[in-house]
Amino acid sequence: MANTKQILALNRFDARHAEGLGAELESLIARRQATFGASSVLVYERPIRMVRAEGVWMFDADGRRYLDVYNNVASVGHCHPRVVDAIAKQAATLNTNTRYLYDNVHDYAERLLATFPGELSNIVFTCTGSESNDLALRLTNSFTGGTGFVVTETAYHGNTEAVTAVSPSSFKTHTVPPHVRTVPAPDLYRHPTNDVGSRFAEDVTSAIADLERNGVKFGGLLVDSIFSSDGIYADPAGFLKQAVDVVREAGGLVISDEVQPGFGRTGSGMWGFQRHSVEPDIVTMGKPMGNGFPVGGVVTRPEILEPFCATTGYFNTFGGNPVAAAAGLAVLDVIEDEGLIENANQIGGQLRAGLRQIAGRHPSIGDVRSAGLFIGIEFSLPGTTDPDAAAASYAINALKERGVLIGAAGAYGNVLKVRPPLCFSRDNADLFLETLDAVLSER
Ligand code: PMP
C-alpha cells in the first residue's frame, strides 16, 4: 500500500526546484523563503503569481485565466460585488469589537441561527475554523467532563495546539496523543459493505471503549460531515445517524465540523449534517462564511454554552464584528437570491454524471463520489483499489497547465477534490469535464 500523506504535502512546491522558473518567479520565491521560512507552503510544480479573481476565474500576473475548481472560501464567487460592497461600506462606517449593540451583528446572528434546528439557538462568532473547533473542544470538555475525542484517521480540523491533536492529517512524525482515538473513514470504495452506518458506529463504539479502558473519559465525536480530508465520503445520506446514537449513549457530544460542507455546498440544504438527518450538539463553521473575509462561528445549545462561560472568560476581539457581519449577511443574501443551493445540486449532478462517463474511458479513475458541488475523483492502479497518487498529481499539474485549478485529498493524496465556487455554471462544468478528459487521454 502507498505511503500516507500529510495534507499540506499534497501537490506542494519544492523550493529546491526553483531554478529555471524565470527571474521574476525565482526572486519572489526567494523573498518568500527568506521571510516565511520553513512555514512556507506553495502549490504546483511551477507556483502561480496570482493577481486578481472574479466569479469562478482567477488571473495570474501574465493575464492568464484559470478556472477555479478548488475554492470553497470564495464560495459565492471570487470578489462577489455584493459582498465586496457590503464589506467596504461597513468598513467605512464602523468596525470594532462586539462589546456594543449593533443592528447588523444581531440581524446576522438571527438570520444564521434560523438555518439551524431550533435547539441550536446560541452562536459564538470567531474568525477561523480552527478557533471554532478549539472552542468546540472546550465546550465539550466543560459540559461532559470528558477529555477524550474520536475523529477520523485523516481528519483535519485546524491549527491550534488542541485542534492539531485531533487532526491526524497534520502529523508528520507523531501519532495521536493518548486522549484521541481515530476511526477509519466510511470508505465504501475500498471496503464495500451493505451497511456503512453500522460499521462506522461499531468503530466509534470500539474507540470510545478503548479510551475508557485507558482511563480517559469520553467527551465527543468530532466529524466533518462530508469527510473532506479523508477523501470525501457522502453516501448513503443518513449513515452518520447510528454513530450519533452511540455517542449519545456514551454520554458524549457530537460536533459537526461544517467548515467544508456548510453554506449549501452539498446541494441539499445549508448544512452537511442535514443530509444525515442528525442534530449535532455543536456545529463549527468557517471558510465560506464571509466569502474570504475571516468569519467563523460555533453554534450550540444554551445549556452547553452556559457552564463554559460560568468558569471561563471567553472573548474574541475580531469575531463577529460589524464588518464580519456585513460580509456574512451578504453571503446569505447571495446564496438565497442566486439560488446557489439548487445550483450546487444541479451542476453537481451534471459533474457527477460527466465524471462517471469519463471514468468509463479512463481506468485510472476508480471511483467518483459526491454531494452537490463537493466531488471526489479517486485514482487507483487499474483493476485494483490501490491508491495511485502519481495519477492525481499528474492530473493536478496537467490541468493547471491547461488553466484549471484543482487540489487533492485522502490519506494517500490520490483523490481529486472538485469543490468549485457555488456559482459554477453548466459551461464551466463542461469545460472542466472536457479538460480532464483531454489531460487523462494524454497521459
Ligand atoms: N475544519 C475543516 C474541515 C477544514 O477543512 C479546515 C481548513 N482547511 C478547518 C477546520 C480550519 O479552518 P481555518 O483554516 O479557517 O482555521
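Buried means under 20% relative accessible area, exposed over 50% and partly exposed in between, with a 1.4 Å probe and protein chains only. This is a predicted model: local features need pLDDT of at least 70, side-chain atom pairs count only at pLDDT 80 or more, and totals for chains, interfaces and linings use all residues. Residues are numbered from 1 along each chain as its sequence is written, and side-chain values use heavy atoms, without hydrogens and water.

**View 1. Strand β5 (residues 148-152) is mostly covered.** Five of its five residues are buried. Strands (E, at least two residues) and helices (H or I, at least four) are DSSP runs, numbered from the N terminus. In a regular strand, side chains alternate between the two faces of the sheet. Both faces of β5 are covered. G148, V150 and T152 lie on one side, F149 and V151 on the other.

**View 2. β5 pairs with strands β6 and β7.** Pairing requires at least two DSSP bridges between two strands. Four bridges join β5 to β6 (residues 180-183), and these strands run parallel. V151 stands opposite T182 of β6. With β7 (residues 218-224), β5 pairs in the parallel sense over three bridges. Here F149 has G220 as its bridge partner.

**View 3. Helices α3 (residues 103-113) and α10 (residues 322-337) cross at roughly 40°.** Their axes come within 9 Å. Axes are lines fitted to C-alpha atoms, for helices over the stretch in contact; angles run from 0 to 180 degrees between N-to-C directions. The contact (heavy atoms within 4.5 Å) involves residues including Y108 and R111 of α3 and L329 and E336 of α10.
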